[in-house]
Each structure stands twice: as structure tokens, then as C-alpha cells.
Amino acid sequence: MNIVIVGSSGHAKVVIDVVEREGLHTIVGLIDAFRAVGEETLAYRVLGAEADLPALADQHALGGVLVAIGDNHVRARVTAVVAALCPQLQFVTAVHPQASIGKAVRLGAGSVVMAGAVINPQCEVGQGCIVNTRASLDHDSVMAAFSSLAPAAATGGNASLGSCSALGMGALLLQRMRVGEHSVVGAGAVVTRPVGDLCVSYGAPARTIRSRVIGEKYL
């Protein structure tokens, strides 16, 4: 199936690599409102902005799209824009061949699983999530829509990560612990107690340092 990648920065490079290695779809180009048409990332041309998608879908016989934007809130917002502009396009899921996906795992549309990641049995990964390089989601855990595990982040079993929340590089979310919605857990943190909504937490053990607002930059 012909697809486009929305985004063209560092995260998009990793997503392109996953799609190529999986070999299920053909990338015809990139969508990026902040770059000129014709600029390239990994030999793929920028074809236009999100507003150009309806025309591009016809021109390139597109069947799907993958939003490759690292910021969780921005990825959710752009996904909604694309869905409204081109409801006929499928949000594809991409899984690196070197990732491990356990039995009875559910992967939401538009989610990406990077090289070396492990998702153990009966986990649920929502729409538009990122399970990054060497991240681990243990059994029966839940990632709500547009949440993310950074490289080498890991959870214990029966853990949950709320919508648009991010577990930073190398951070640990212990078994049965919950992180609320739109929260950020810093790199190397160890979450031993539940984290609420709209929180910034870090440290070992992790402590909530301050509140944050929806859409606040964290990358």
C-alpha cells in the first residue's frame, strides 16, 4: 500500500527505517508544513503540507498515512487534522522486525514499535503510540492513545500510561503503577507511586516536581 509519512525530522527518520524494514508499505513521500516542497529526508521528498493531502492522495493513489512526530500532543493534534482532511486514509501501524510482540497484544492504529522493543502478552497499546528503541512494556500493561515510551524505558506488569503521557529515556514504571494523562516522567526516573494527570515527575524514587499544561513542550 502506498503511504505518506507526516513529519520529516529525527523521529521520522527512525519511523522510515521501521517501515522499510517491515516491508509492508511503499513510502511515496513526506508531509511537512515547515519545509519546502522537494526537500529530502533519507531520499524521500517533501510533497507538501497537511492541507495538500486530499490532492496528494489522489495523485499518488495513497491508501495510508503514518504520523511520525515525536511530541505526543502534537502527534495527536496532527492525527485529528489528517483524519478530518482524508477520512479514507488508513493510519498504519509499523513494527520493526527486531521487536518482540507477545501473545494477545493489541496495537492501535498509527502506533510504531522500534527495534529491540518488547511488548509482553496481553498488553494494550492505543492509537498513535510510540514504543521506542529497546523499550519494554510488561504483561497486561496499557498505553493509552498517543502516549510514548522513550528509548530503554520500561514498565512492570499491569502498569498504565495515560493519554499523551511520556515515560522518559531509561525511566522505570514499577508494576501496577499508573501515570495519568498528559504527564511527563523524566529520564532515569523510578516511579514507585502513582503519578497524577498533568504532572512533571523525575528522580529515583520519582517525585512530582510541578504541574504542566496540555501541549507544553517536553522534547
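Strands are DSSP runs of E of at least two residues, numbered from the N terminus; Ser148 is found in one of these, strand S16. The model is predicted, with local features requiring pLDDT of at least 70 and side-chain atom pairs counted only at pLDDT 80 or more, whereas totals for chains, interfaces and linings use all residues. Residues are numbered from 1 along each chain as its sequence is written, and side-chain values use heavy atoms, with hydrogens and water left out.

An open sheet of mixed pairing is formed by 8 strands in the order S7-S10-S13-S16-S19-S22-S24-S25, where two strands are taken to pair if DSSP finds at least two bridges between them. Its edges are strand S7 (94-95) and strand S25 (207-211), each of which pairs on one side only. Within this sheet, strand S13 (residues 130-131) and strand S16 (residues 148-149) run parallel and are joined by 2 bridges, and Ile130 has Ser148 as its bridge partner in S16.

Ser148 has a relative accessible area of 9% and is therefore buried (under 20% relative accessible area, with a 1.4 Å probe and protein chains only). Leaving out residues up to four places away in sequence, Ser148 touches Asn72, Arg75, Ile130, Met143, Leu161, Ser165, Ala166, Leu167 and Tyr218, contact meaning heavy atoms within 4.5 Å.

The largest nonpolar core comprises 28 residues, and those with the most contacts inside it are Ile119, Val131, Met143, Leu149 and Leu167; such a core is a set of buried Ala, Val, Leu, Ile, Met, Phe, Trp, Tyr and Cys residues joined through side-chain atoms within 4.5 Å. Another core, of 18 residues, lies apart from the largest one and includes Ile5, Ala12, Leu66 and Ile130.

Conventions
Buried means under 20% relative accessible area, exposed over 50%, partly exposed in between (1.4 Å probe, protein chains only). Helices (H or I, at least four residues) and strands (E, at least two) are DSSP runs, numbered from the N terminus.
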